[in-house]
Amino acid sequence: MTTKSPKTKIARLKEWFAALRSGKYKQGTGMLCYADAGGHLHYCCIGVACEVYAKYHPKEKWEINQSNANMTFCGEDAVFPQKVAKWFGFTVVNPVIGQTGHAVIQATSANDSHCLTFKEIADMGEKYLLEQ
């Protein structure tokens, strides 16, 4: 049975931020999702968003990219798959989720370059995307 999808962009973003804070996902960098040598999965913040999307779209599954052994979701391994981005209300695959001074921060750079924790990414996203 499919779980009913949140109807609004705001509800979907709130669920993503809650998932980031949940402690359920081990944080990784560089890819949406990958398994370490012990088989433990690591996610970037967008990979967690894919997990939220998959909860409401059970036909969408993670697949192993045979060329590099990374996990792909809807054909992507490093940025939002377009249909997932659209479901969350984004028009680009690497959306801006925050700002420091005059510089905007995209989701991948918050996770990979700025090395923010999932909680910090959720806090930044809420402030920037929900409180504007």
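Q: What lies 2.9 Å from a polar atom of the side chain of His 57?
A: The backbone oxygen of Tyr 53 does. Keep in mind that this is a predicted model.

Q: Why is His 57 called partly exposed?
A: Its relative accessible area is 24%. You'll find His 57 in the loop between H2 and strand E4 (62–64).

Q: What makes H1 oblique to H2?
A: The two helices pack at an angle of about 120 degrees, with their axes 9 Å apart. Roughly perpendicular stops at 115 degrees and roughly antiparallel needs over 145, so H1 counts as oblique to H2. Their crossing is right-handed.

Q: Which residues make the contact between H1 and H2?
A: From H1 come Glu 15, Trp 16, Ala 19 and Leu 20, and from H2 come Cys 45, Val 48, Ala 49, Val 52, Lys 55 and Tyr 56. Sorted by class, that gives eight nonpolar, no polar and two charged residues.

Q: Why are H1 and H5 called roughly antiparallel?
A: The axes of H1 (residues 9–21) and H5 (residues 118–130) cross at roughly 160 degrees and come within 8 Å. Anything over 145 degrees counts as roughly antiparallel, so this pair gets that label. H1 passes H5 in a left-handed crossing.

Q: Which residues of H1 meet H5?
A: Ile 10, Leu 13, Lys 14, Phe 17, Leu 20 and Arg 21 do, and their partners in H5 include Phe 118, Ile 121, Ala 122 and Leu 129. By class, the contact of H1 with H5 has nine nonpolar, one polar and five charged residues.

Q: How do you know that Asn 111 is buried?
A: Its relative accessibility is 2%. Buried means under 20%, so Asn 111 counts as buried. Asn 111 lies in helix H4 (residues 107–112).

Q: What makes polar contacts with the side chain of Asn 111?
A: The side chain of Gln 27 joins it in a polar contact of 2.8 Å. The backbone oxygen of Gly 28 also lies 2.8 Å from a polar atom of the Asn 111 side chain. Leaving out residues up to four places away in sequence, Asn 111 touches several others, including Thr 29, Cys 44 and Leu 116.

Q: Why does Cys 115 count as exposed, while Cys 74 is called partly exposed?
A: Exposed means over 50% relative accessible area, and Cys 115 has 55%, so Cys 115 counts as exposed. Cys 74 has 26%, so Cys 74 counts as partly exposed. Cys 115 is in the loop between H4 and H5, and its phi is positive too, near 55 degrees.

Terms used
Residues are numbered from 1 along each chain as its sequence is written. This is a predicted model: local features need pLDDT of at least 70, side-chain atom pairs count only at pLDDT 80 or more; totals for chains, interfaces and linings use all residues. Side-chain values use heavy atoms; hydrogens and water are left out. Axes are lines fitted to C-alpha atoms, for helices over the stretch in contact, and angles run from 0 to 180 degrees between N-to-C directions. Helices (H or I, at least four residues) and strands (E, at least two) are DSSP runs, numbered from the N terminus. Angles under 35 degrees count as roughly parallel, over 145 as roughly antiparallel, 65 to 115 as roughly perpendicular and the rest as oblique. A crossing is left-handed if the near helix is turned anticlockwise from the far one by less than a right angle, and right-handed if clockwise. Contact means heavy atoms within 4.5 Å. Ala, Val, Leu, Ile, Met, Phe, Trp, Tyr, Cys and Pro count as nonpolar, Asp, Glu, Lys and Arg as charged, and the others, Gly among them, as polar. Buried means under 20% relative accessible area, exposed over 50%, partly exposed in between (1.4 Å probe, protein chains only). A polar contact is a pair of N or O atoms within 3.5 Å; within protein, one must be able to donate a hydrogen and the other to accept it, and residues adjacent in sequence count only if both atoms are side-chain atoms.
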